[in-house]
Amino acid sequence: MRPFDYTRASALDEAAQALDPAAQIIAGGTNLLDLMKIQVMTPEKLVDITRIDGLDEITADDGGLRIGALVTNTALANDAQVRRGWPLLSRAILAGASAQIRNKATTGGNLLQRTRCPYFYDTSQACNKRAPGTGCAARHGVGRMLALFGTSEHCLAAHPSDMAVALTALDASVEILSADGTTRQVPMQAFYQGPGDRPDVETVLAQDDIITAVILPAPLDQSRQVYRKVRDRASYAFALVSVAASVKVEDGRITRANLAFGSVAPHPYQNAAVTDLLIGQVPDNDLFARVAEQLTHGSAPHPDTEYKRPLLRRTLIAALRQATGLSDDAGVDTARA
Ligand code: SF4
């Protein structure tokens with residue numbers, strides 16, 4: 001690990017003043033410290049925000065919740081309000097990482113975790129995300145965990161978060177404090193950026209922005225929420241594919257369908273055409289098969305991820321059957337690719 005300066009901020013304005021292009025915010029540190037140890041990330045300064053009051057609180061807000069950026073993944077998943085109104089979020093968080101990591105990992109940090117593309121972690125390999133302009137070793141390398149959608153010629157990596165996928169399906173927003181003291185809310189759908197020709201730039205955050213909270217709107221009344229994650233083993237594994245769904249059925253027809261897909265794009269993935277196919281329809285297996293086909297048509301950008309297309313189809317169909325009451329199968333979170 002390279003030497004770095006360390007600053008512990010006691011207030012948000014103090015943290016904002018300490019930020020500069022060579023600095024990184026640290027909270028739980030569950031991803032950042034690993035990356036610093038292997039010199040994939042080499043900040044010259046860490047700004048510790050863990051002692052700032054009020055960022056670790058979950059507060060009811062107009063039927064929804066305001067989740068402070070320092071709320072740990074464990075606290076969020078176990079919160080009684082979350083389990084009651086947004087079980088999809090609780091389930092997604094508990095499907096990720098390990099208990100020890102969830103105890104340290106924070107809400108803000110979870111959103112900003114880096115890809116698990118193995119070449120990103122290997123400093124002997126070309127990687128545009130780690131070292132812009134060096135190339136992409138994954139293009140002609142091993143690519144089983146790469147993305148299906150939203151890639152560019154410069155990067156094929158997938159975003160690994162479970163929580164972000166759930167928050168996207170739940171129409172959450174990210175509250176961001178800018179250096180000038182103003183606060184803005186950015187919907188999850190607009191928070192991440194595709195790789196384009198700058199895969200190292202992953203979100204709309206400016207260098208001196210600070211995530212202060214996630215805003216969760218009131219849940220859809222009488223909707224069913226589902227999170228299905230398929231992975232190589234039953235715990236402590238990133239998703240191969242995941243599906244988050246919040247679906248409402250009224251008078252036998254689907255009237256709302258908020259869907260998001262994980263580990264298939266550089267960000268939680270959504271597809272409006274898929275939603276359009278569902279709205280107003282009577283839920284049945286033929287409909288779900290058509291919808292799944294619509295989602296996965298085309299070819300994968302890397303031959304190693306071709307398997308994700310049928311896997312995603314099956315996972316989506318299972319999630320829709322569960323969310324519309326056609327099936328009571330709550331799903332087993334292990335790979336059956
Ligand atoms: Fe790096 Fe992205 Fe290529 Fe992986 S896919 S090696 S993260 S540029």
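Biologist: Why is Tyr 121 called partly exposed?

Modeller: Buried means under 20% relative accessible area, exposed means over 50%, and partly exposed lies in between, with a 1.4 Å probe and protein chains only. Tyr 121 has 23% relative accessibility, so Tyr 121 counts as partly exposed. Phe 120, at 1% relative accessibility, therefore counts as buried.

Biologist: What kind of model is this, and how are its residues numbered?

Modeller: This is a predicted model, in which local features need pLDDT of at least 70 and side-chain atom pairs count only at pLDDT 80 or more, while totals for chains, interfaces and linings use all residues. Residues are numbered from 1 along each chain as its sequence is written, and side-chain values use heavy atoms, with hydrogens and water left out.

Biologist: How many aromatic pairs does a search of the whole structure find?

Modeller: The search finds four aromatic pairs. Rings of Phe, Tyr and Trp (its six-membered ring) pair if their centres lie within 6.5 Å, and planes under 30 degrees apart count as stacked, over 60 as edge-to-face and the rest as tilted.

Biologist: Why is the pair of Phe 191 and Tyr 192 edge-to-face?

Modeller: The ring centres of Phe 191 and Tyr 192 are 5.0 Å apart and the planes stand at 80°, so this pair is edge-to-face. Phe 191 has 0% relative accessibility and therefore counts as buried, and Tyr 192, at 9%, counts as buried. Ring pairs also link Phe 149, Phe 261 and Tyr 269 into a cluster.

Biologist: What makes Leu 320 count as buried?

Modeller: Leu 320 has 1% relative accessibility, so Leu 320 counts as buried. The place of Leu 320 is in helix H12, where helices are DSSP runs of H or I with at least four residues, strands are runs of E with at least two, and both are numbered from the N terminus. Leu 320 touches Leu 259, Leu 278, Phe 288 and Val 291, not counting residues up to four places away in sequence, and contact means heavy atoms within 4.5 Å.

Biologist: What covers the buried residues of H12?

Modeller: The cover includes strand S9 (224–231), strand S10 (239–250), strand S11 (253–262), helix H10 (272–278) and helix H11 (285–296). Among the buried residues of H12 are Leu 312, Leu 316 and Ala 319.
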